[in-house]
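Dear colleague,

Please read them with the structure open, and write back with any questions.

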Amino acid sequence: GLIFYDTKVTVMNRVLNATVQRTADHAAPEITLDPLEIVGGEIRSSENSYFCQAARQLGCVPSSQLCVKLASGGDPTYAFNIRFTGEEVHGTSGSFRHFLWQVCKELQSSSLSLLLLCPSSAVNKNKGKYILTPSPITYAEEQLFHFFGQLLGIAIRADVPLPLDLLPSFWKTLVGEPLDPDVDLQEADILTYNYVKKFENINDETELEALCAEIASQHLATESPDCPNKPCCKFTYLTMTGEEVELCPRGRHIPVGWENKDVYAAAIRSLRMRELQTPECMTAVRAGLGSIIPLQLLTTLTPLEMELRTCGLPYINLEFLKAHTMYQVGLMETDQHIEFFWSALEMFTQEELCKFIKFACNQERIPFTCPCKDGGPDTAHVPPYPMKIAPPDGAAGT
């Protein structure tokens, strides 16, 4: 927390350029994606998604081939080139950025089960934010998490912000910071947080009985074996994926009473914290990330800085874009139609601005910083900087 973000990024960029493993005399790996495999609105099966098509093809490419220098200049170096079957695309940038955008859409849809909408979004808190799906993983899923980690590293080297909306707990675990059992639980699953708090704040047995009766009315509790009409809770709880699990051995047969209510609340809390940390999935993600960028870099970054470096800002800063716009021969910032252009953009909502950026350069977000801060006006930029505005092609018409 003592070092400025820009300073960290400068050091990070220097390290990334010093750890390049694929030099100019090596051809970039190429993958071929078939857009027809994913047609039909919602993706038919996860195997056909761009994410899985790419994971299969890059699975046999050594990760050293993907460690390229930081993207800069007009036609940056990217980790791999993409060919879309049956489509003629000029240059490598557009299709590469389109691929990353499409993959983020797939990750945050029901077609891939790697990410899960956080339970809080069901009650409008952290709406649209995701976490890693907390469940035991197969070898195939481990490979996909590894590839997901590689994509995070590839996006950092390519300086293309990924439009991913992940909860802070994901970034905390990624950079190795401990989770806060109160704050992070509340962010991820406010209903469970409130449920646990109710048990922690009970003052006497009649309150506990009333609470059990309230829970029984929501079908979470059963009748007590001692008094058939008295409802009671058992040492079980639902996981984030909706499965009922025992919180301790033989939990189904242990009723919650005055003596063990705190143990019950603590057990639910630790179940959720385990699910948020998802050690198996996170190990695979970190291993993938570590094959593209040195993991030691993460020790200097706060979770928020790591998110900014990987995903940029979810909103478009028009002033920033204006400062990074180049007017080609014959055009000036004071031309009437240029002024109209900017005042039209100022009327856009954030959603429309994202669509404009997507239209102009095939990505929805713009990076958080620009290399021109470190150098003079001639510093090599990365798309979408600088945005170029050119006069119309051909002389006909006004």
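In this model, which is a predicted one, helix α5 (residues 168-175) and helix α11 (residues 303-311) have axes that come within 8 Å of each other and cross at roughly 100°, and the two helices are therefore roughly perpendicular. On the α5 side the contact is made by Trp171, Lys172, Leu174 and Val175, while α11 brings in Pro303, Met306, Glu307, Thr310 and Cys311. Sorted by class, the residues in this contact of α5 with α11 are six nonpolar, one polar and two charged.

A further pair to look at is helix α2 (residues 50-58) and helix α3 (residues 93-107), whose axes lie 8 Å apart and which pack at an angle of about 115°, so that α2 and α3 are roughly perpendicular to each other. Here Tyr50, Phe51 and Ala54 of α2 meet Phe99, Gln102, Val103, Glu106 and Leu107 of α3, and the residues of the contact divide into six nonpolar, one polar and one charged.

Helix α7 (residues 190-200) and helix α9 (residues 261-277) also have axes 8 Å apart, but the angle at which they pack is about 160°, which makes α7 roughly antiparallel to α9, because an angle over 145 degrees counts as such. The crossing in which α7 passes α9 is left-handed. From α7 the residues in contact are Thr192, Tyr195, Val196, Lys197, Phe199 and Glu200, and from α9 they are Lys261, Asp262, Tyr264, Ala265, Ile268, Arg269 and Arg272. In this contact of α7 with α9 there are six nonpolar residues, one polar residue and six charged residues.

Turning to the domains, the assignment divides the protein into domain 1 (3-177 + 275-309), domain 2 (185-273) and domain 3 (316-386). The centres of domain 1 and domain 2, taken over C-alpha atoms, are separated by 38 Å, and the contact between these two domains takes 15 residues from domain 1 and 12 residues from domain 2. About 1,200 Å² of area is buried between domain 1 and domain 2, with carbon and sulfur atoms giving 59% of this area. Within domain 1, the residues that lose the most area to domain 2 are Pro119, Glu275 and Leu276, which together account for 46% of what that side buries.

Finally, two backbone details may be of use when you look through the loops. Asparagine 126, in the loop between β3 (115-117) and β4 (130-132), has a positive phi of about 50° although it is not a glycine. Asparagine 362, for its part, is found in the loop between α14 (350-361) and β10 (387-389), and its phi is near 65°, again a positive value in a residue other than glycine.

With best wishes

Key: Residues are numbered from 1 along each chain as its sequence is written. This is a predicted model: local features need pLDDT of at least 70, side-chain atom pairs count only at pLDDT 80 or more; totals for chains, interfaces and linings use all residues. Side-chain values use heavy atoms; hydrogens and water are left out. Axes are lines fitted to C-alpha atoms, for helices over the stretch in contact, and angles run from 0 to 180 degrees between N-to-C directions. Helices (H or I, at least four residues) and strands (E, at least two) are DSSP runs, numbered from the N terminus. Angles under 35 degrees count as roughly parallel, over 145 as roughly antiparallel, 65 to 115 as roughly perpendicular and the rest as oblique. A crossing is left-handed if the near helix is turned anticlockwise from the far one by less than a right angle, and right-handed if clockwise. Contact means heavy atoms within 4.5 Å. Ala, Val, Leu, Ile, Met, Phe, Trp, Tyr, Cys and Pro count as nonpolar, Asp, Glu, Lys and Arg as charged, and the others, Gly among them, as polar. Domain bounds come from an automatic or database domain assignment. Buried area is the accessible area (1.4 Å probe) that two parts lose on being put together, summed over both.
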